[in-house]
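Please read the numbered points alongside the model.

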Amino acid sequence: MSFQCQKYWRPNAGNASPETREMAFLEVQKLNVYYGHIHAIKDVSFHVKQGEIVSIIGANGAGKTTTMQCISGLLKAKSGQILFKGNNICGKNPEKIVRSGLAQVPEGRRIFADLSVSSNIKLGAFAVKDGPEVLKARRKAYYDRFPILRERKLQRAGTLSGGEQQLLAVGRALMSHPDLLLLDEPSMGLSPLFVSMIFELIQSLKEDGVTILLVEQNAKKALSISDRAYILETGSIALEGSAKELMNDPLVRKAYLGA
């Protein structure tokens, strides 16, 4: 698979090959995060190429959400770099990170339950400077994709089902028109119908040109739609490779795929 993307080359990008450095759209370099005296993230390095779906897989407490929150600016790292389109965004204000083209759908959705569906969608564009006509067209495209939420756009978001709330959370993030979308446990707690819908949505977003970094406990589903993946264990990258390679790895199958 080839990716048509602007190339960002950094001479000192860790131990990655020149080809990897050249194509990196997001590159995390030797990230370290502490909670008090607890070393939660330990020299984590990985990259995402433009146009890919890359998954981070691991057990509860492995550090997946912490890593995502550092990338989106919600947590501060002790050390390391996070390069997005060649610029170090580590420690930057989350609003500036959104404006740079990166958005996150957080674990647990975190919609504004007391506001309407429509208001939640509109708030997704708070950090961008696009004009009203552009935002109106973006909202229309979202409602065209999910007509059930158009029907409920005046309804309080907290009264939606879990699956509908997840679709709303994704739509809110898409209102900033991101180049890179971070998805943190998007299938958690959903019915099988909505799980399938969410993963179909992720694939369609890739087809629309959105690069995706996915954190997901449903390893089998995640690997089935990903280009590459990383296994995170107790704050460190334990294994990496193509999704196909990891699907066929006996240790991965035993530990994460129930095989």
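1. Is F112 buried or exposed, or partly exposed? F112 is partly exposed, at a relative accessible area of 41% (buried means under 20%, exposed over 50%, partly exposed in between, with a 1.4 Å probe and protein chains only). The residue sits in the loop between strand 6 (102–105) and helix 4 (117–123).

2. The model is predicted: local features need pLDDT of at least 70, side-chain atom pairs count only at pLDDT 80 or more, and totals for chains, interfaces and linings use all residues. Residues are numbered from 1 along each chain as its sequence is written, and side-chain values use heavy atoms, without hydrogens and water.

3. Nine salt bridges are present in the structure (a side-chain nitrogen of Lys or Arg within 4 Å of a carboxyl oxygen of Asp or Glu). In one of them, R228 pairs with E52, with the closest N and O atoms 2.8 Å apart. This pair links distant parts of the chain, 176 residues apart: R228 belongs to strand 9 (residues 228–233), and E52 to the loop between strand 2 (38–49) and strand 3 (53–57). Both R228 and E52 are buried.

4. A salt bridge also joins R99 and E95, whose closest N and O atoms are 2.8 Å apart. The two are about one helical turn from each other because they lie four residues apart in helix 3 (residues 94–99). R99 is partly exposed at 41% relative accessible area, and E95 is partly exposed at 30%.

5. K140 and D144 form a salt bridge, with closest N and O atoms 2.9 Å apart. Both lie in helix 5 (residues 132–145). A network of salt bridges links K140, D144 and R150.
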